[in-house]
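Look at the structure first, then read the points below.

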Amino acid sequence: MQLATWNVNSLKVRLPQVLQWLQSNPVDVLCLQELKLTDDKFPITTLEAAGYRSFFAGQKTYNGVAILVREGNAIDTASLVANNPLFADEQKRLLALTVNGVRVICGYFPNGQAVGSEKYQYKLAWLDALHNWIALEMQQHAQLALLGDYNIAPEDRDVHDPAAWEGMVHVSPPERERFFKLAQLGLVDVFRQFEQPEKSYSWWDYRMMGFRRNHGLRIDLILLTPPLAQRCTACTVDKTPRAWEQPSDHAPVVATLNLL
DNA sequence: ATGGCTTGCACCGCAAGA
């Protein structure tokens, strides 16, 4: 079983790339973030024709998350939950669905804009509420995967220039503390279970030739509970689509599990 | 030098992302 996450920065613009990527990477579950479209505009039938069933929570202009599941996988449709029930939120950033007995949670964590801003306060409150909800979900599901755009680079090795980023949003100590508190619930950042190229990132700034110069951050993560982490045989960033014409600024991240 | 691109929305420029 393969799980993947990709912040597409507009599904309307990136749909052809999602379809192209799925053709050569027929993962079982693909979590998408930043759909930037309302539910009535979601390309259900196009993805169905490509062999994927769609679950989504969209909104106009901003945010929006989806879980695509390849046909043949066992979906518990009654298990679908949009948003954190412990956190009243107009923004569509979380979607949970049980697939093959795995609790898949797709997250688009808040950006936070700037340390000390109102959006930063929202980010910290959102992270606190996420922690509490994931703790509850883990009581119900031994096999849980939390994957998405965390908008937090956990460690300095996840940042191309840690000195330049010091104290900034995405790396500030309060954000990282919350990330590690979340991980301490018993979630493993499986990318780090394996040997990886030096300076591996998942996002690169559109400006200043960020991708060509590998000026990036690793903020798109796959965290798994131990029963899944133990069965994880690979986790990679696929930089291929970042080099395509009109790319998303994020690359997909894929985890392979020895299940079923 | 606090920008640099890209997107959506709406209107000819802005907010927001990271």
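**Cavity and DNA strand B**

The largest cavity has a volume of about 40 Å³. This is a predicted model, where local features need pLDDT of at least 70, side-chain atom pairs need pLDDT 80 or more, and totals for chains, interfaces and linings use all residues. Residues are numbered from 1 along each chain as written, chains are lettered from A and ligands numbered from 1 in the order written, and side-chain values use heavy atoms, without hydrogens and water.

**Cavity**
- The whole structure holds 1 cavity of 30 Å³ or more.
- A cavity is a set of points on a 1 Å grid over the protein atoms alone where a 1.4 Å probe fits but cannot get out; lining residues have an atom within 4 Å of a point.
- Volume is the space filled by probe spheres set on the points, which are joined across faces, edges and corners.
- Its lining consists of Phe109, Leu127, Leu130, His131, Ile152, Arg178, Phe179 and Leu182.
- Helices α3 (118–140) and α5 (173–183) each give two or more residues to this lining (helices are DSSP runs of H or I, at least four residues, numbered from the N terminus).
- The lining divides into 6 nonpolar, 1 polar and 1 charged (Ala, Val, Leu, Ile, Met, Phe, Trp, Tyr, Cys and Pro are nonpolar; Asp, Glu, Lys and Arg charged; the others, Gly among them, polar).

**DNA strand B**
- Of the 24 residues around DNA strand B, Ser10, Glu34, Asn111, His170 and Trp203 come nearest (around: a heavy atom within 4 Å).
- The surface near DNA strand B has 8 nonpolar, 10 polar and 6 charged residues.
- A polar side-chain atom of Tyr108 is 3.0 Å from a phosphate oxygen of DNA strand B.

Methods: On a 1 Å grid over the protein atoms alone, a cavity is a set of points where a 1.4 Å probe fits but cannot get out, and a pocket is an open set with protein on both sides within 12 Å along at least five of seven lines; lining residues have an atom within 4 Å of a point. A polar contact is a pair of N or O atoms within 3.5 Å; within protein, one must be able to donate a hydrogen and the other to accept it, and residues adjacent in sequence count only if both atoms are side-chain atoms.
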